[in-house]
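Reader: I am new to this structure. Please take me through one part of it closely, the sheet and what surrounds it.

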Amino acid sequence: MSSDPIDQQARSDFQRARFKAFMNRVWASVSGKPATLLSYDEIKEKLRIGGPIYRGVQTVRVDQIAGSLNRYHEFDRVFLPASDNLANRWQSVNRAFYQEISLPPVVLYKVGQVYFVVDGHHRVSVAREQGQLFIEADVRECSTRVNITADLKPEDLEILEDKVHFLERTGLDRLRPDSYIKLTIPDGFERMLEHIAVHRYFMGLDLQRDISEEEAVTDWYDNVYMPVIEVIRETDILGEFPEKTEGDLYLWVLDHQHYLESQEGIPLQPPEDAAREFFGDENEKPSSKAKKIKTKSRKTEKKKK
């Protein structure tokens with residue numbers, strides 16, 4: 001075993017990194033938080049991304065690198081080594097850090113706000129373990145219709161896959177470029193597609209003519225979705241549901257409205273009126289109002305099942 005101080009420090013650093021990786025794996029199993037790197041192939045398949053387009057050498061934040069092209073099982077989500085088999089290469093790169101030897105830029109694919117390593121996994125791992133905030137990278141960017149971030153969880157990816165399908169079906173991002181719908185409810189985008197289909201049907205009855213898909217989508221967004229969102233913003237009710245989104249609350253309103261119509265025979269109201277009824281008296285205490293909203297949403301969900 002070498003007695004060189006740098007070699008000893010490199011070995012010590014690797015052992016520390018391996019222990020931290022073990023503790024991260026234990027914490028992930030307890031907390032349910034993701035422990036492994038994102039797989040580029042899985043992201044590509046589910047989100048149907050395009051590209052990559054060469055963007056040149058850039059300075060990239062290390063904490064935005066959360067995925068790998070083909071070695072996502074060898075490092076954990078924060079790029080700690082997942083196996084002792086990585087010791088030789090990892091320690092070699094780490095020695096270069098202490099010796100201030102310049103290494104080539106890593107090669108990354110960028111998708112949304114996340115970077116995936118194509119080449120340079122050990123360099124990223126050492127940089128992160130040594131506390132570097134930035135790293136030089138040769139970047140190729142892949143186009144995507146939805147944004148992803150480094151804290152992406154498996155259940156989030158399933159919802160984003162549904163969102164891509166929703167945007168492909170509706171073209172809403174093209175028809176209303178400023179639109180931004182975010183959901184945490186697993187089947188939420190499928191339910192929105194149903195809302196648009198029903199809206200299109202009743203538009204046809206009202207106007208006595210065929211309604212194109214594009215016309216139905218824009219009319220639904222302008223006259224059903226956004227009026228509910230505007231009430232949500234006026235009432236500041238979202239503050240009582242920090243883990244929910246405006247889109248989630250829209251679904252609560254529409255589901256409750258359809259529940260009242262189908263189960264209790266109460267006629268459908270205009271979307272903004274339904275939202276005001278659902279969110280309750282504006283003079284009521286926020287906590288009391290939130291409690292009533294939760295009761296209504298649970299009652300509706302129970303009936304749906």
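Author: Start with one pair of residues. Val111 stands opposite Val114 in β5. This is a predicted model. Strand β4 covers residues 106-111, and strand β5 covers residues 114-119. The two strands pair in the antiparallel sense, over 5 bridges.

Now widen the view. β4 and β5 belong to an open sheet of 6 strands. The order is β1-β3-β5-β4-β6-β2, and the pairing is mixed. Which strands stand at the edges? They are β1 (38-39) and β2 (53-61). Each has a single partner strand, so one side of each is left without a neighbour in the sheet.

A helix packs on this sheet: α4, residues 121-129. Helix α4 touches β3 (65-68), β4, β5 and β6 (134-142). Its direction makes about 130° with that of β5.

Next, a helix pair. Helix α2 (residues 40-47) packs with helix α5 (residues 154-170) at an angle of about 35°. Their axes are 8 Å apart. From α2, the contact uses Glu42, Ile43, Lys46 and Leu47. From α5 come Leu157, Glu158, Leu160, Glu161 and Val164. By type, 5 of the residues in this contact are nonpolar, 4 are charged and none is polar.

Last, the cores. The largest nonpolar core has 56 residues. Phe166, Met192, Trp220, Tyr250 and Phe279 have the most contacts inside it. Helix α8 (residues 213-235) gives the largest share of this core, 11 residues. A second, separate core has 24 residues, including Phe14, Phe75, Phe79 and Ala127.

Definitions and conventions: Residues numbered from 1 in each chain as written. Predicted model: local features only at pLDDT ≥ 70, side-chain atom pairs only at ≥ 80, totals over all residues. Heavy atoms only, no water. Core = buried A, V, L, I, M, F, W, Y, C linked by side-chain atoms within 4.5 Å. Buried < 20%, exposed > 50% of the residue type's maximum accessible area, 1.4 Å probe, protein only. Helix = DSSP H or I, 4+ residues; strand = E, 2+ residues; numbered from the N terminus. Axes fitted to C-alpha atoms, helices over the stretch in contact; angles between N-to-C directions. Contact = heavy atoms within 4.5 Å. Nonpolar A, V, L, I, M, F, W, Y, C, P; charged D, E, K, R; others polar. Pairing = 2+ DSSP bridges.
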